[in-house]
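This report describes selected features of the structure shown below.

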Amino acid sequence: MDSFLSSLLSYLLIYRYAALGVFVYLGAIGAPLPVNAMLLALGAFAGQGYFNIWVSLGVAAAGNVAGDLTAYGITRRYGNTIVSFLRLRRLPFFDALEREVRSDAAFTIFLTRFGSMMSPVTNVLAGMAGVPFLVFLPSDAAGNVLEPFGFLWIGYAAGIYWKNFSDVADIIGAIVAVASVMFIIVRMQRRFLRRVRADKARI
Amino acid sequence: MIPEEGFVRPTESTPSIGKEDPGFSPRSFKIAIAILVAVLVLLFALLIHGYAALRKEHLISVRELSLSMFVARHGPLTASETGMLRPWMTFDYVNRIFGLPPDFLKTAFSIEDPSYPKLTLSGYAAERGFDEKEFLAAVQAAVAHKLSPSE
């Protein structure tokens, strides 16, 4: 086990739910923390009676939602200034992605909660695209309850063998992330072709 | 209806895509999808490899649904499982998972640190200048001795 995860687990055992909330929050805003492995371990700790699985789920979901809202809120408020400063408007792919998030916001936000690395990116895009708060919050909260529940349950079931499941859980997360990117690109392609056909018909 | 501030709904009458998205072509989409499919195939291969490793260790088997084998067992660990002890664990956690009295390790190692039991094994070893591996082995031996049937 890498020493970084060991340190996180030590803090988790000492400061319990406070440490859990802080780590999940930092992970949600994009800090490279092994949150999924930590949730697996937490599930195992809950199985041993050291944590309550439902309180853990509540804290993990709240930390995730708070982190996502931080990224979304900052980019919604200052996103355009940052984009103009970095001249990202000139990148057509960036514009198309932003349009994609905006056009089917609820489903895209919900889906990307399951692909760990996709979540912070989508939060930023949702903020920039100006997705309404009341669309962002329910989709984000729903995904953020289901996603940690999966890891906690696997850890709970695996018990002392939780570490053996860590790699497989990471691979499943990566598969979901790639599949959601693919799904978004296929939808972008469909819209692109539809608009090209409409242009041709107009000419 | 007035749209919410900063939220402009796209319409089918958006100006020509050719002018709006000069970098796009149907070919670029196909290339992106092909790359993603290749990555997915690779990830599925890794998943199968991971599953095979878990099956080899008799931890999971879809055919036999043997997840239940370890789902059912959540009681305290036994003397034969002291190998599960790790330096990052706290004394409190060790006492709990082996079902030991809260002061067992404190007494066994004459620990006077006021942070006990919220103290990691590695932290205590470092604080007292002990070798981490030797201290871990000593804790394993003490726990195994306490849990052995003759005790």
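## Basis of the description

Two residues are in contact if their C-beta atoms, placed from the backbone, lie within 7 Å. The model discussed here is predicted.

## Ala19 of chain A

Ala19(A) belongs to helix α1, which spans residues 3-28 of chain A. When its neighbours within four places in sequence are left aside, Ala19(A) is in contact with Tyr11(A) and Leu12(A).

Is Ala19(A) buried, exposed or partly exposed? Ala19(A) counts as partly exposed because it has 18 C-beta neighbours inside 10 Å, whereas a buried residue has 20 or more. Leu111(A) lies 92 residues from Ala19(A) along the chain, and 27 Å separates the C-alpha atoms of the two.

## Chain A as a whole

Chain A contains eight helices and zero strands. Read from the N terminus, the order of its elements is α-α-α-α-α-α-α-α. Along the principal axes, the C-alpha atoms of chain A fill a box of roughly 70 × 30 × 30 Å.

Of the 203 residues in chain A, 46% are buried. Where contacts in chain A link residues at least 6 apart in sequence, 79% of them join residues at least 24 apart.

## Ser28 of chain B

In chain B, Ser28(B) is part of helix α2, which covers residues 26-56. Ser28(B) counts as partly exposed because 15 C-beta neighbours lie inside 10 Å; a residue is exposed at 12 or fewer and buried at 20 or more.

Thr90(B) is 62 residues from Ser28(B) in sequence, and the two are 53 Å apart in space, C-alpha to C-alpha.

Technical notes: Residues numbered from 1 in each chain as written. Chains lettered and ligands numbered in written order. Predicted model: local features only at pLDDT ≥ 70, side-chain atom pairs only at ≥ 80, totals over all residues. Helix = DSSP H or I, 4+ residues; strand = E, 2+ residues; numbered from the N terminus.
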